[in-house]
Every structure is written in C-alpha cells, then in structure tokens.
Amino acid sequence: MSAPEFTLEVVLAEEDAVALAQLCKRISFETCRSMAVDGREAYAMIDATNRVRKALADAGVVVR
C-alpha cells in the first residue's frame, strides 16, 4: 500500500523560485543522507526534491 499523495501550492517571488530550483538541482544524496535517519529517508528526500524541481521547470523556472 503506497502513502497518500499530498498536493502543495506555494507563491514565490521569481528570485526565490530560482533559488529553490538551484537547491533542488544541487542537493546531493550524500547531503540528504547526512541529515536523514536512514537511507530510505534520504532517497525519499531526493525523490521529493526531484518532484519540486520538475514542478518548478513545468512552471517555467529552469536553471542550468
């Protein structure tokens, strides 16, 4: 049984949206692993940041 989905809507200034997109692009598994209780949580963190990055890109916030 999978966990329930959660939808989040947030309003950001363009500068903040770009900064968040950069964070999502740059964050590493190692960084997440150092803050997570275990590897499973670290993978969940990476998955979540990838989803946020995709949502930002779909909204037109794309960073190189």
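These questions and answers walk through a predicted model of a protein.

Residues are numbered from 1 along each chain as its sequence is written.

Student: How many helices and strands does the protein have, and in what order do the elements run?
Tutor: Helices (H or I, at least four residues) and strands (E, at least two) are DSSP runs, numbered from the N terminus. The protein has 3 helices and 0 strands. From the N terminus on, the order is α-α-α.

Student: What share of the 64 residues is buried?
Tutor: Buried means under 20% relative accessible area, exposed over 50%, and partly exposed in between, with a 1.4 Å probe and protein chains only. By that rule, the buried share of the 64 residues is 19%.

Student: Which residues form the largest nonpolar core?
Tutor: A nonpolar core is a set of buried Ala, Val, Leu, Ile, Met, Phe, Trp, Tyr and Cys residues joined through side-chain atoms within 4.5 Å. Within the largest one, Ala-21 touches Leu-56, Val-61 and Val-63, leaving out residues up to four places away in sequence. The 5 residues of this core are Ala-17, Ala-21, Leu-56, Val-61 and Val-63.

Student: Is Thr-49 buried or exposed?
Tutor: Thr-49 sits in helix α3, residues 39-58. Its relative accessible area is 18%. The cut-off for buried is under 20%. Therefore Thr-49 counts as buried.

Student: Which residues is Thr-49 in contact with, leaving aside its neighbours within four places in sequence?
Tutor: Contact means heavy atoms within 4.5 Å. The side chain of Thr-49 also reaches the backbone oxygen of Ile-46 at 2.9 Å. With neighbours within four places set aside, the contacts of Thr-49 are Cys-24 and Ile-27.

Student: Where does Ser-28 lie, and how does its accessibility class come out?
Tutor: Ser-28 is in the loop between α1 (14-26) and α2 (29-35). Its relative accessibility is 23%. That makes Ser-28 partly exposed.

Student: Which side chain makes a polar contact with the side chain of Ser-28?
Tutor: A polar contact is a pair of N or O atoms within 3.5 Å; within protein, one must be able to donate a hydrogen and the other to accept it, and residues adjacent in sequence count only if both atoms are side-chain atoms. For Ser-28 the distance is 3.0 Å. The partner is Thr-31.

Key. Predicted model: local features only at pLDDT ≥ 70, side-chain atom pairs only at ≥ 80, totals over all residues. Heavy atoms only, no water.
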